[in-house]
Amino acid sequence: MKTAAEIEAYIGLGSNLEQPEAQITSARKEIAALPQVAEGAFSSLYRSAPMGPQDQPDYINAVMKISTDLSPMALLQALQRIENRHGRVRARRWGERTLDLDILCYGDQQIEQPDLIIPHVGIAERAFVLYPLAEIAGPDLVIPGQGTLSQLLTACPLNGLSRLPA
Ligand code: ROI
């Protein structure tokens, strides 16, 4: 049963190492199992060319909608624990990773703290975020401070993004 305090949030998932599809699928289950988190929707899986150094494998990306009464910081910490359990190591900037979990949106809030910026930085330029997000949120979702998803999609080419068959 939902409480009035619950916020709808969107999480971006990405992986390009160690069986990316399995990384994303198990991360989904771990997020859904977090206390004070309920899954609302999950996009298709998408394959995307790397943004950043090109000498790394393609990524698998997806977006998950949750409702939660965790604070943004508590949610971030819970997601970081999941990343760490998946053996996440940061070798180089914008390099390959076993699992990346980003809070894309948290209700209609705009947050700018040293270690947490919401909406996620670069969301408007990232086809691998915008298209899966549109699949589950619809084109009218407002990205706080940036406009509707349909406006952002118009300015963001697919960049080789492809939806994997279910
Ligand atoms: N590129 C793609 N295609 N997908 C990602 O999830 C992704 N994540 C990142 C960087 C390294 C910026 N590039 C990415 O963090």
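Author: A nonpolar core is a set of buried Ala, Val, Leu, Ile, Met, Phe, Trp, Tyr and Cys residues joined through side-chain atoms within 4.5 Å. Please keep in mind throughout that this is a predicted model.

Reader: Which residues of the largest nonpolar core touch the most other members?

Author: In soluble globular proteins, nonpolar side chains tend to be buried together. The largest nonpolar core here has 28 residues, and the ones that touch the most other members are Leu13, Ile24, Ile31, Ile66, Leu75, Leu101 and Ile103.

Reader: Which element gives the largest share of this core?

Author: Two or more residues each come from strand E1 (7-15), helix H1 (20-32), strand E2 (37-42), strand E4 (59-68), helix H2 (72-85), strand E5 (100-106) and strand E7. Among these contributors, the largest share amounts to five residues, and the element that supplies it is H2.

Reader: Which residues does Leu75 touch, not counting residues up to four places away in sequence?

Author: Leu75 is one of the residues that touch the most other members of the largest core. When residues up to four places away in sequence are not counted, the contacts of Leu75 are Ala9, Ile66, Leu70, Ile103 and Tyr106.

Reader: How many of the residues of H3 are buried?

Author: The buried residues of helix H3 are Ala127, Phe128, Val129, Leu130, Pro132, Leu133, Ala134 and Ile136. Helix H3 is therefore described as mostly covered, and of its 11 residues the number buried is eight.

Reader: Is Arg126 buried or exposed?

Author: Arg126 sits in the loop between strand E7 (116-118) and helix H3 (127-137), and its contacts, not counting residues up to four places away in sequence, are Met51, Trp94, His120, Val121 and Cys156. Its relative accessible area is 16%, and because the cut-off for burial is under 20%, Arg126 counts as buried.

Reader: Which residue places a polar side-chain atom 2.7 Å from an oxygen atom of the ligand?

Author: The ligand is surrounded by Ser48, Ala49, Pro50, Met51, Tyr59, Asn61, Trp94, Arg97, Asp100, Arg126 and Phe128. A polar side-chain atom of Ser48 lies 2.8 Å from a nitrogen atom of the ligand, and an N or O atom in the side chain of Arg97 is 3.0 Å from an oxygen atom of the ligand. The residue with a polar side-chain atom at 2.7 Å from a ligand oxygen is Asn61.

Reader: Which backbone oxygen does the side chain of Gln23 reach?

Author: Gln23 is found in helix H1 and counts as buried, because its relative accessibility is 10%. Among the residues that Gln23 touches are Ser15, His86 and Thr98. At 2.9 Å, the side chain of Gln23 reaches the backbone oxygen of Glu18.

Reader: What is the phi of Gln19, and where does Gln19 lie?

Author: Most residues other than glycine have a negative phi, and most peptide bonds are trans. Gln19 is found in the loop between E1 and H1 and counts as exposed, at 64% relative accessibility. Although Gln19 is not a glycine, its phi is positive, at about 60 degrees.

Reader: What is the omega of the peptide bond from Ile118 to Pro119?

Author: Pro119 lies in the loop between E7 and H3. The peptide bond that leads from Ile118 to Pro119 is cis, with an omega near -5 degrees.

Note on methods
Residues numbered from 1 in each chain as written. Predicted model: local features only at pLDDT ≥ 70, side-chain atom pairs only at ≥ 80, totals over all residues. Heavy atoms only, no water. Helix = DSSP H or I, 4+ residues; strand = E, 2+ residues; numbered from the N terminus. Buried < 20%, exposed > 50% of the residue type's maximum accessible area, 1.4 Å probe, protein only. Contact = heavy atoms within 4.5 Å. Near = heavy atom within 4 Å. Polar contact = N/O pair within 3.5 Å; in protein donor to acceptor, adjacent residues only side chain to side chain.
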